[in-house]
Amino acid sequence: MKSEKNRKYIISYVILVISIIILGILNLTWGSVDISINDIISALTRNNDNETAAAIIMEIRFPRLLGAAILGGALSVSGFLLQTFFNNPIAGPFVLGISSGAKLVVAITMITFLNAGYILSSWDMIFAAFVGSMICMMFILFVSRYTHRMGVLIICGVMIGYFCSAITDFAVTFADDSNIVNLHNWSMGSFSGISWSNIQVMAIVVAVTTVLTFLLSKPLGAFLLGESYAHHMGVNVGKLKLQIIVLSGILSACVTAFAGPISFVGIAVPQIVKRMFKSTKPIVVIPACFLGGSAFCLFADLIARILFAPTELSISTVTSFLGAPIVIWIMLKRQNSKEV
Amino acid sequence: MSEEILKVSNVTIGYKSDAPIVSDVSFEIARGQIVSIIGPNGAGKSTLLKTVSGIINPIGGSITVDSRNIQDMKPIEMAQKIAVVSTKHPNTEWMTCEEVVEAGRYPYTGMMGKLSPEDHDIVNEAMEDMNIIKLRDAYFNQISDGQRQRVLLARAVCQQPELLIMDEPTSFLDIKYKLQMMEWLGRLTSKRNIAVLTSLHEIAIVKRVSDKVLCIRDGRIWMFDDTDKVLTESNIEKLYDLDEGAYHGF
């Protein structure tokens, strides 16, 4: 039985990795200009036969692809952490309003600093997003002290989301600067315009936080049995909760800083992954969530780019379209079976 | 090794210092002893268990386990001494019964929580003891309440505690498993010399398993003595405010 389980895990991992590779190749070839595999190989090996194709690949599509993969993975791991924290299958950075809080603080910071003629660095953006995430997270934690009903918590999160979006829209509408146009696009959520220097920063931040999350596999596994059991098994519950909040906050802040708020990936992907692996063991599920989030965002970004090319959809349009039915399906499935 | 595993001295329990639930609690449990807590609903049985297991801090007094104050112990040190089975069952997804039992090895595994062959042996033995080997690969959220209770008990045994704390351990069990549970408790205490502190509702079970009985009533320890001395019909009537002659349990 043990080896059967392990075989299932290996097969699931292989499926995830293969889908990432296939989606990666499709993301490089398809677009408003179709590029052949040969041109891609020569561009990646810096053997430039086709200058235009090489430029599109190296300056636009490849960083964008990496951005989608890294941020998608980060979002999904952040969702897994929040679901574990609240013992709630539909928790995620977007539903709980954390992404919108990050968006609000980033927008206000950008407007303030742009008016003063200062351009924000990637690190500034992440920091601003993290501050916004934490403010909303504190509010959610405050609410969760008074209710353990997951419905109430989610409704509060959604309301915070609307509230923050309203203030952000207000700020964006009245901020009078040409850069605000970018801000508006960003606040809709998109992987476009990600540069190599952005990739460097996000790769470092996401790699470190994801590895730290993975190292928490053991206490997170105990936490799945609930707070008091975790305590009785020797978990320092207060410390673990703080670690979960900070790590999930950094992960979702990083996503919001570079791609704006992206909906549903944080809820849907961890759920699909758990179902695929038929497990919630963090040591297995955390890396799988990362890979699953990468694959999901690569797929969503591919659709966003090519469906109405050259017009691009915002990434949340696609993730919502795909993710919302998945969440509804999961909830109904849980109602019907005894999977509570 | 001192004879007592648990010593509670002049402890006041409660969530707020100005509203104590039970005051001036003192008792001790020797290794291998089973002590049952009885008393009317709302008397503070669960709160007392939560205080002894370190979930709630005592308002005053001291609680020592193996001669060490529990407030000076690290969570992991506590977990190697005390295991707990609470009335509330964890809400899990996709977690097999074996995984739940394996979680009991938490205080002994390394940083990534990998189980050694010895750990697996301990898990197997505990599952055999509780007669749940067949449930090994069943999902914890898809089995019956009584089965879950046995899985959680097996998990607690895997923690190899010196003191086992249980809140209403028989409440989900049918008569067959209630009887088995009592037999198993006896074996646990004699074979592994574990002490047990448990709250119970059924006086008949209390009488059969306990070495000593602790009665809580009106915010204090009403009586703490050997089972035979505590469990008389008139004591039970007084403890639960029954009319004279209303209880014929024995």
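Which residues does B:Asn235 touch, not counting residues up to four places away in sequence? The answer is B:Trp222, B:Met223, B:Lys229 and B:Val230, where a touch, or contact, means heavy atoms within 4.5 Å.

Before I go on, the ground rules. This is a predicted model, so to speak of local features we need pLDDT of at least 70, side-chain atom pairs count only at pLDDT 80 or more, and totals for chains, interfaces and linings use all residues. Residues are numbered from 1 along each chain as its sequence is written, chains are lettered from A and ligands numbered from 1 in the order in which they are written, and side-chain values use heavy atoms, with hydrogens and water left out.

Okay, back to B:Asn235. You'll find B:Asn235 in helix H9 of chain B, residues 233–239; helices here are DSSP runs of H or I with at least four residues, strands are E runs of at least two, and both are numbered from the N terminus. B:Asn235 counts as buried because its relative accessibility is 10%. The scale, with a 1.4 Å probe and protein chains only, is buried under 20% relative accessible area, exposed over 50%, and partly exposed in between. And a polar atom of the B:Asn235 side chain sits 3.4 Å from the backbone oxygen of B:Lys229.

Now the interface. Chain A brings 35 residues to the contact and chain B brings 39. About 3,200 Å² is buried between the two chains, with carbon and sulfur atoms giving 55% of that. Buried area is the accessible area, again with a 1.4 Å probe, that two parts lose on being put together, summed over both. In chain A, the residues losing the most area to chain B are A:Lys218, A:Tyr229 and A:His232, together 25% of what that side buries.

How many residue pairs are in polar contact between chain A and chain B? It's 8, with both residues at pLDDT 80 or more. A polar contact is a pair of N or O atoms within 3.5 Å; within protein, one must be able to donate a hydrogen and the other to accept it, and residues adjacent in sequence count only if both atoms are side-chain atoms. On the chain A side, helices H1 (2–29), H8 (196–215), H9 (217–223), H10 (227–232) and H12 (265–277) each supply at least two residues. H9(A) gives the largest share, 5 residues.

On to charges. Side chains of opposite charge can pair when their charged atoms come close. The rule for a salt bridge is a side-chain nitrogen of Lys or Arg within 4 Å of a carboxyl oxygen of Asp or Glu. Over all chains the structure holds 23 of them, and 3 salt bridges are found across the interface of chain A and chain B. One of the pairs is A:Lys274 with B:Glu93, at 3.3 Å, N to O.

Another is B:Glu99 with A:Lys281, at 3.9 Å. B:Glu99 is in helix H3 of chain B (residues 97–102) and A:Lys281 is in the loop between H12 and helix H13 (282–306) of chain A, so this pair joins two chains. B:Glu99 counts as buried, at 8% relative accessibility, whereas A:Lys281 is partly exposed at 28%.

Within chain B, B:Arg136 and B:Glu98 form a salt bridge with the closest N and O atoms 2.7 Å apart. B:Arg136 lies in the loop between helix H4 (117–129) and helix H5 (145–158), B:Glu98 in helix H3, so the pair ties together parts 38 residues apart in sequence. B:Glu98 is buried as well, at 6% relative accessibility. There's also a network: B:Glu125, B:Asp129, B:Arg187, B:Lys191 and B:Arg192 are joined by salt bridges that share partners.

Last stop, the packing. A nonpolar core is a set of buried Ala, Val, Leu, Ile, Met, Phe, Trp, Tyr and Cys residues joined through side-chain atoms within 4.5 Å. The largest one has 161 residues, and A:Leu71, A:Phe86, A:Phe191 and B:Ile38 touch the most other members. Helix H3 of chain A, residues 51–86, supplies the largest share of this core, 19 residues. A second, separate core has 29 residues, including B:Leu48 and B:Met73.
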